[in-house]
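Open the model in your viewer and keep the selection panel at hand. This tour goes stop by stop: what to select, then what is there.

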Amino acid sequence: MSNVHRDDFGSKLGMWLFILTELLLFGGLFITYAVYRYLHVDAFHLASQELDVPIGTINTIILLISSATIAMSITSIQQGRKKLTLWLIASTIILAVIFLVNKYFEWGAKFEHGLFPGSDYLDSLGYGDVLFFGLYFFMTGLHAFHIIIGIAVLGFMFYYVKIDRLKPDNFQLLENGALYWHLVDLIWIFLFPLFYLIA
Amino acid sequence: MDNTSQENYLEYRGRFKGLMGWLTSTDHKRIGLMYMYAIMFFFIIAAILGLLMRIEKIAPGQTIMDAQTYNGVFTIHGIIMIFIIVIPGLAAVFGNFFLPIMIGAKDVAFPKLNLLSWYIYVAGSILVVASLFAGGGPPDTGWTFYAPYSFKTGTNMLPAVLGAFVLGFSSILTGLNFIVTIHRLRAPGMSWMKMPVFPWTLYGTAWIQLLATPIVGITLLMVIGERVFNIGFFDPAKGGDPILYQHLFWIYSHPAVYIMILPAMGAISEIIPTFSRKTLFGYKAVVFSTLAIAFVGYFVWGHHMFTSGMSGTALFTFSILTFLVAIPSAIKVFNWVSTMHQGSISTDVPFLWAASFIFVFMIGGLTGLVLGALATNVHVHDTAFVVGHFHFIVFGGTGFAFFGALHYWFPKIYGRMYDRTWARTGWLIFFIGFIALYGPMFYLGMTGMPRRYFDYLPEYHGPNILSTFGALIMVTGFVIIVVNLFKSAKSGKKAEMNPWGGTNLEWQVPSPPPLENFDEIPTIDKATYKYE
Amino acid sequence: MTEEKHHITPYKTYLAVLGILIVLTILSVAITQIDLSRWATGAALLLAGIKSTFVLLIFMHLRFDQKIFKVMVGLIIALLVVVIFITMLDFLFR
């Protein structure tokens, strides 16, 4: 194709449109949450006590910090500070990994107590608990999946900055990657209170 | 004007030649055609399934298949027709081919993403067709995958549901691509209100593709979760609500029908002014009704669920909104007819399709009102009436518009003209067969024949015979049409740049268009559709 | 298109917002100790909403970008709210 001049605005527009689809993807699950929370308000309240608020809070803060680091990388790349940019992206990835490790232990503890979809123990607790934990695992699981994708995306960003494909005058891709990461953070901002703080 | 320094897109040879040249091409025109060929291939599979259904139903009792097989046949027929044919439909084929040209651009905003969307489409389609074979046999839930049966049935749900999920991605990415294309790549001088109607309908469609599809995506994912992990979202035995599944499913699947019909209406809005030699009546009304349909269409999904057990408040809300959404569609019909009024009508092939579109679409639409009214819905829900309704409005609507668009834009796409007499003959036979096939279903439904049953009471025999014969006639017409087009693509008479006297940009580039559409991006100074 | 002067957000701004977000998070946890009965969910969602607004406007740069992005995001949130509302019309009134 002949040279089409670069369209950063179009690229950003495309990325935002994709983010909108993700909001609606999780939106379907929020609809489900709204319905079942309404129908089983007491059971949800009690089931929420099984979740570990301190770990959830720490994880929330971890994600917030990671959002700040990747946001700052946009400033640093525009200032031409390549090393700082790389450090900020790397920090974001490390924080993401820590989040996943915490999740791994959280879920592990649940499984050990027989709390997982389809378990006889969970079924014995009643409808509200089944639905609460079903939603909990499905939504945090889908979220964790998006974190894994996010880590891969950030990895690519790190690489592109390293090889100077992303530069102070050509960084829309990094901005797009950061937008994706903020989305992951946004979703968790809602997941946290809806599951952990309704006890 | 005719001389261009570029080769046309069909002859162009990049890094690869032959088939590989097409499979690696990011040229929107080639991608559009690849969608068309894939759609035709899968359409034939689904049409054969439909024909088998009609043969089974030529008489009561088992004719050629048992009940379980019939359930599988209508399920796959539906899945293919909906997710693989009409949802991609005109947007994937004619949108891809003509959107850039009609707005004065060289290609879409993200050409590589465009090619990827096609591959995703093919992958999803293969998964769906694969579910026909092996394992527990084809899914038997209907294309609507209602829970809890969809996760309890022993049939091949996983490939079918996964296939639909994958197809959703193709739809989303195409929508994304078109939105950015229309926002960013319109030629200088082409303001929003100078953009032709077909791109406008693609714009509305793209937003629906973008915003509604993720919801069915997550719903299908939840069904897979139910099937594999026994989560309980829709399982009454675990506290889940099957009606919630229906809500989530139709929150997408109703807007999906607007994905099907909006580009179709756009194509009709292109054909009618050209063959009336008259400016489109009420351009602004057509644009705003397009956006209104896209918008209001989000809020009517419950009319598929009137008998499910929803609350009275929900019933009332959905019924009123359904009547509301009919209004912008009706506005369009007035606009088309008003365009024809006192115009200089040429009843050439595309016009025949457009005019018959209006006829069948209206029948489909009006019967939709019967379904949208609560009291009458109870009587006809889940009967053959519904089957008649949606075939008139979807097959009649999107299908007729597809054929119309194909016969309209064929000379531009292939640089050749088809045999008009055979085309007219094919149209007439198809049209007659169509009415005979689907018309009786309204009567059958109103007198009580259920849908999705492989058998029926003897009192329904007569109309069913008519319906089956209609199918055979329609298929004959279809074969004539397709053979004519195939032969003409290869060896038809060479077509000129503007054989119909159209006014939009696609008629100002050579037939077939050069690789990058324009030697120079045009500047737009006059309004569209202007006939002096 | 012509390159406009791209707004560069200072590090201080990001860090200040981060501080606010952490405070709001701790606040959300703290108020669970107070009995707000049926306002509890609303309070949690309100705080989450405020946090999201900061993330959207500052971290995701909506405050400094062209208006169209704010419009799109606003419309989509509205769409989701309306769809949830209509769905609840079924379950609330059964």
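How many residues does the contact take from chain C, and how many from chain A? The contact takes 32 from chain C and 34 from chain A. Two residues are in contact if their C-beta atoms, placed from the backbone, lie within 7 Å.

Before going on, note the ground rules. This is a predicted model, in which local features need pLDDT of at least 70, side-chain atom pairs count only at pLDDT 80 or more, and totals for chains, interfaces and linings use all residues. Residues are numbered from 1 along each chain as its sequence is written, while chains are lettered from A and ligands numbered from 1 in the order in which they are written.

**Stop 1: chain C against chain A**

Select the side of chain C that touches chain A. α1 (11-30), α2 (40-59) and α3 (67-92) of chain C each supply at least two residues to that side. Helices here are DSSP runs of H or I with at least four residues, strands are E runs of at least two, and both are numbered from the N terminus. Color this side by class: 23 residues are nonpolar, eight polar and one charged. Ala, Val, Leu, Ile, Met, Phe, Trp, Tyr, Cys and Pro count as nonpolar; Asp, Glu, Lys and Arg as charged; the others, Gly among them, as polar.

**Stop 2: chain C by itself**

Color by pLDDT, the predictor's confidence in each residue, from 0 to 100. Chain C has a mean of 91, and 95% of its residues reach 70 or more. For the complex, the predictor gives an ipTM of 0.94 and a pTM of 0.95.

**Stop 3: C:Val83**

Zoom to C:Val83, in helix α3 of chain C. Is C:Val83 buried or exposed? C:Val83 counts as buried, because it has 23 C-beta neighbours inside 10 Å. The cut-offs are 20 or more other C-beta atoms within 10 Å for buried, 12 or fewer for exposed, and partly exposed in between. Setting aside residues up to four places away in sequence, C:Val83 touches A:Ile31 and B:Ile251.

**Stop 4: chain B against chain C**

Select the contact between chains B and C. Eleven residues come from chain B and ten from chain C. On the side of chain B, α9 (242-276) and α11 (312-340) are the elements that give two or more residues. The largest share, four residues, comes from α11(B). By class, this side of chain B has six nonpolar, five polar and no charged residues.

**Stop 5: all of chain B**

Zoom out to chain B. Its secondary structure comes to 16 helices and two strands. Along the principal axes, its C-alpha atoms fill a box of roughly 70 × 45 × 45 Å. Of its 532 residues, 57% count as buried.

**Stop 6: the core**

Finish at the largest nonpolar core, which has 253 residues. A nonpolar core is a set of buried Ala, Val, Leu, Ile, Met, Phe, Trp, Tyr and Cys residues joined through C-beta atoms within 7 Å. B:Ile179 and B:Ile268 touch the most other members. α9(B) gives the most to this core, 22 residues. Domains 1 (1-60) and 2 (66-94) of chain C both give residues to this core, so it lies between them. Last, select B:Ile268: leaving aside neighbours within four places in sequence, B:Ile268 is in contact with B:Trp336, B:Ala354, B:Phe357, B:Ala401 and B:Gly404.

Methods: Domains from an automatic or database assignment.
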